[in-house]
Structure formats: structure tokens, C-alpha cells
Amino acid sequence: MKRSKVAIACQGGGSQTAFTAGVLKSILDNDIHEKKEIVALSGTSGGAVCAILAWYSLIKSDDKGSQPLSKRLMDFWHDNSVHNYYDKFLNDCMVNYFRAIDDGWMPHWEASPYSPMVKAWSYLFQGMAPNRKFYDLKKMLQAHVDFEEIASWGMPQRPVLLIGAADVLNGEFKKFTSLKGEIRVEAVLASAAVPSIFPAVQIGKEAYWDGLFSDNPPTDELLFSEFVGKENKPDEIWIVQINPKGCKKIPTAPQDIIDRRNEMIGNASLYQDIQKIELVNRFLKEGAFIPEFGAKYKPITLHLITMSPDLQNRLDYATKLNRNKGYINALIQDGEERGLEFLRAQGLVN
């Protein structure tokens with residue numbers, strides 16, 4: 001029986017994308033790639049980090065030995081969690097500071113990551129840190145993904161990886177794709193380069209900011225041959241969503257207003273992509289295309305995998321910066337549970 005082709009799109013959201021790691025863990029640990037053809041993965045920001053870890057593991061699945069495919073994902077998030085008092089103190093101070101700003105108790109000081117003062121404070125805190133890698137996303141990624149090995153692969157055909165970023169200089173949306181051999185550590189860093197925290201990432205003559213400005217995550221591009229190849233167009237797209245679509249009441253407190261604004265902004269490009277796909281699906285179902293053209297295409301099935309409502313209601317914008325170990329583990333656990341619920345609903349696990 002021919003297996004259905006699946007693409008997995010991972011929305012960005014800082015530390016909250018530990019939830020995405022949990023969802024991907026449920027998919028990898030249950031060998032879904034043997035029941036479905038996972039033809040592509042895409043991601044933005046923290047979603048791009050999770051996507052590349054899963055993609056790299058899937059391509060190397062033939063030589064995984066006795067290690068579960070999700071080990072690389074879990075090892076990364078273990079390293080990306082607080083493990084000593086120094087890091088815990090700085091982490092808690094940062095989260096509480098941003099929460100106080102959102103509540104209106106503290107002034108918001110605009111600072112550039114290029115500022116000599118910001119650089120000096122950064123060097124000072126990192127120089128005192130017991131684990132400097134904790135503050136260096138590039139080194140952390142390189143510890144779990146061999147980018148030189150990826151370069152030696154050339155252009156792997158399946159699964160394909162798409163990473164979203166935004167070109168600062170010309171305002172264009174960039175999709176780094178493994179189909180063109182564009183996957184390197186700088187592409188992931190570019191996708192996660194929040195302008196108020198990180199300097200733009202330069203690749204050649206171009207400079208890039210966070211992919212949240214472009215696609216969060218790349219979704220409709222998963223249907224385009226120029227990004228994924230003619231043979232990798234999916235029958236289904238599974239979207240791991242971080243930002244909730246709705247809320248229970250009109251926000252009135254400063255922090256609640258900011259949280260809701262950021263959620264809606266973070267979802268804007270995703271729902272635009274979904275609307276495009278659903279519009280084409282409707283045209284196909286209603287016979288709007290001539291048979292010779294329409295016969296090549298069929299409606300795409302879309303699925304959203306979201307956090308449990310109880311967990312989602314406890315999160316605010318500041319928690320996207322939180323790297324507390326217990327918090328990260330709770331997100332991963334919820335992701336794994338919600339992932340399993342989804343897989344059971346699809347009849348893929350018992």
C-alpha cells in the first residue's frame with residue numbers, strides 16, 4: 001500500500017518550542033517515518049531549531065544504532081535548560097524583568113545588540129558563566145548537528161528541510177532549502193535572530209533577521225517544487241502550533257494585551273498560508289480547474305497540533321525567554337502527550 005506523504009511545519013516561539021520537541025519526539029519514537037513518507041520539514045526560529053534536529057536525525061536514521069531518533073532533540077533541550085545556580089539566577093532575573101515591563105512596573109529601555117554597553121554586559125555575564133556554551137546558540141547547535149557533514153551531502157532529496165528568515169536589506173522573505181544545499185548553521189541562526197536581542201546574521205552579501213517577519217512557519221511553500229522538489233509535495237501537512245488562535249476574554253491588563261498582540265502577530269502569516277491552501281482545496285473540490293490540470297493535484301489535508309489548554313493559559317510572552325529546566329521539561333512532556341493524542345486519532349499508534 002502506498003504511504004501518504006507528510007510535511008511537518010514547526011512554528012517559532014522561543015523556549016516554548018520545547019513543546020515542538022515533544023511533539024517531534026512522539027513522531028520519531030513511534031517510527032512514523034516508516035508508516036508515512038515524511039517528505040519535508042520546515043521551521044522558523046525555535047521551530048527551525050527543532051526541525052533541523054529532527055531532519056538530521058531522520059536522514060541519519062540508518063546508522064542510529066540502539067539510540068532513539070529523538071535523542072538528539074532531547075540532548076539539545078537538556079543543554080538548553082538551566083543547570084546551575086548562576087544560570088538560574090540570570091534566567092529568572094531576565095524573565096521577571098520582561099514580565100515587570102509588560103505589567104507596567106518597569107520602564108522599557110530600548111537597546112541595540114550592536115551597542116558597546118550591551119556587548120560589554122554580554123561578555124561580562126558570559127565570561128563569569130560556568131557553562132559558556134549555554135549562551136552561545138551556534139556552539140550548542142554545532143554540538144548536536146554536524147554541519148560539515150551536511151555540506152558533504154550536497155542536496156539530499158528526502159526529507160527536504162526549509163528554514164524561514166527575513167532579508168533585512170531588501171525586505172524579501174528567504175527560505176533556506178536543503179534542496180539547494182543551503183542548510184548551514186548560519187541559516188538557523190538567521191531564522192532565530194530576534195532584532196532586539198541578536199545582530200543580523202550575514203550570509204554572503206545578505207543580512208537576515210528572525211523568520212517571524214516572513215513565515216511562521218513556512219507552510220504553503222511546502223507545496224512548491226522550487227522549494228521541495230516535484231516528488232516531495234505532501235498529501236498532508238502537520239503544523240505544530242505554538243501561539244493559540246483564540247483567547248477566552250478581552251485582555252485589559254497591560255501584560256495580557258501585549259501577550260495577545262504577540263500571539264496574533266505570530267499567527268498572522270500561518271493563517272494566511274492556511275487560507276491560501278484551503279482556497280486551492282476548495283477550487284479543486286468544486287472542479288474549478290480543467291481536468292488535464294486538476295488531475296495532477298488533489299486537496300491537501302491540514303492538521304494543527306496545539307498545546308493543552310491548561311498549559312497554554314499559564315504562558316505569557318516572557319516565558320518564551322524562560323529556560324528553567326522544570327518549565328522546559330513540562331513543555332516537552334505536554335508536546336509528547338499531545339503528539340500521541342494526534343497520532344492515535346490518525347490511527348498511527350494504539
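**View 1. Polar contact between Asn 232 and the backbone of Val 228 in the predicted model.** A polar atom of the Asn 232 side chain lies 2.7 Å from the backbone oxygen of Val 228. A polar contact is a pair of N or O atoms within 3.5 Å; within protein, one must be able to donate a hydrogen and the other to accept it, and residues adjacent in sequence count only if both atoms are side-chain atoms. Local features of this predicted model need pLDDT of at least 70 and side-chain atom pairs pLDDT 80 or more, while totals for chains, interfaces and linings use all residues. Residues are numbered from 1 along each chain as its sequence is written, and side-chain values use heavy atoms, without hydrogens and water.

**View 2. The loop that holds Asn 232.** Asn 232 sits between helix H9 (225–228) and strand S7 (236–240). Helices (H or I, at least four residues) and strands (E, at least two) are DSSP runs, numbered from the N terminus.

**View 3. Surroundings of Asn 232.** Leaving aside residues up to four places away in sequence, Asn 232 touches Val 39, Gln 157, Arg 158, Val 160 and Leu 222 (contact: heavy atoms within 4.5 Å). Asn 232 counts as buried because its relative accessibility is 4% (buried: under 20% relative accessible area; exposed: over 50%; partly exposed in between; 1.4 Å probe, protein chains only).

**View 4. The protein chain around these sites.** The chain has 13 helices and 8 strands. Of its 350 residues, 50% count as buried. Among contacts with a separation of 6 or more, 76% join residues 24 or more positions apart.
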